[in-house]
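I am opening my notebook on a structure that is new to me.

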Amino acid sequence: MKEIQSLKEQVDKLQTELHALKQGTKDITQLLTFYIPSQTVKRMLNKVLEKLDEDQVQMPDYALKSAGASIVQSRTTRSYRHNRGKFFWLSFPMLVFVKSPEVILQPSNYPGNCWPFPGSQGETVIKLAMEIIPRAVTMEHIPKKISPTGEISSAPKDFAVYVRTLLGEFMYNCEGDLFQTFQLKNELSEFMRYVKLKVLNNWGHPEYTCIYRFRPSAHIYFSES
């Protein structure tokens, strides 16, 4: 019982630390359950990990890659080429590290797992998993406290959202919450499948801007056509 109580206390402590590092939770579970055969402890850990995996926005995610959403590459700014991340073979540079914009369609917000584009202005068009009437958008970025550099100047600042027309301009507050949801200023009455995100500037990084996650939300039922 003391062992289980001790483990419960450790899990409570890890719950906060792993909030922004959900990608690593499966490995941690496997490690703990390998050394601890107790089925009670295993069930307890699984419940905690399921809680960590829940969507923090509490809205349907229509820009989720696993649900069928995708990036329209021909209408998307090229990715930043990180020369310091080159791969070498026999002292010859072979590959330059480049992150695909599709990373913003996946629920993994650990440091570095973002889509970088050169400079402070860029855009992308997302084909949603289904047609919706968008009512809000959510932008996501890591906080300073888990950034390896201690700052997040590459975070987007002002951005605009379009479909056939401008739906609104907003500002992501780098001192605010990880998940920031914005109600669209110009609402539509038609179902849409494509949404354009245009970043107007960042918080001061001179080389690139990083987007961790972006998604539109709808508060009504989607079209099945």
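Entry 1: Does S217 count as buried or exposed, and what is its relative accessibility? Before answering, I remind myself that this is a predicted model. I looked up S217 and found 0% relative accessibility, so S217 counts as buried, the cut-off being under 20%. I then checked where S217 sits: it belongs to strand 12, which covers residues 213–217. Next I asked what S217 touches, setting aside its neighbours within four places in sequence. The contacts I noted are M59, I133, P134, R135, A136 and T138.

**Entry 2: the disulfide.** I searched the whole structure for disulfides and found one. It joins C114 to C210, with 2.5 Å from S to S.

**Entry 3: the largest pocket.** How much space lies in the largest pocket? My note says about 410 Å³. I counted 23 residues in its lining. Nearest the centre of this pocket lie G112, C114, S154, Y208 and C210, so I was pleased to meet both cysteines of the disulfide again. Then I asked which strands contribute to the lining: strand 2 (81–89), strand 3 and strand 11 each supply at least two residues. Sorted by class, the lining of the largest pocket has twelve nonpolar, eight polar and three charged residues.

Entry 4: Rolling a probe the size of a water molecule over the atoms shows where empty space is left. I looked for cavities of 30 Å³ or more, and the structure holds two. I picked the second largest cavity, with a volume of about 40 Å³. Its lining is made up of H141, I142, P143, I152, Y172, N173, C174, G176, D177 and L178. By class, I wrote down six nonpolar, three polar and one charged residues for this lining. I then followed up one of the lining residues, C174. C174 has 13% relative accessibility, which is under 20%, so C174 counts as buried.

Entry 5: In what order do the five strands of the open sheet run? I read off 1-5-10-7-8, with antiparallel pairing. The edge strands are strand 1 (70–71) and strand 8 (166–171), each of which pairs on one side only. I went through two of the pairings in more detail. Strand 1 and strand 5 pair in the antiparallel sense over two bridges. Strand 5 (residues 122–132) pairs with strand 10 (residues 192–199), also in the antiparallel sense, over seven bridges.

**Entry 6: one residue, two partners.** Towards strand 10, the bridge partner of I126 is V195. I71, for its part, has I126 as its bridge partner in strand 5.

Key:
Residues are numbered from 1 along each chain as its sequence is written. This is a predicted model: local features need pLDDT of at least 70, side-chain atom pairs count only at pLDDT 80 or more; totals for chains, interfaces and linings use all residues. Side-chain values use heavy atoms; hydrogens and water are left out. Buried means under 20% relative accessible area, exposed over 50%, partly exposed in between (1.4 Å probe, protein chains only). On a 1 Å grid over the protein atoms alone, a cavity is a set of points where a 1.4 Å probe fits but cannot get out, and a pocket is an open set with protein on both sides within 12 Å along at least five of seven lines; lining residues have an atom within 4 Å of a point. Grid points are joined across faces, edges and corners, and a volume is the space filled by probe spheres set on the points. Ala, Val, Leu, Ile, Met, Phe, Trp, Tyr, Cys and Pro count as nonpolar, Asp, Glu, Lys and Arg as charged, and the others, Gly among them, as polar. Two strands pair if DSSP finds at least two bridges between them. Helices (H or I, at least four residues) and strands (E, at least two) are DSSP runs, numbered from the N terminus. Contact means heavy atoms within 4.5 Å.
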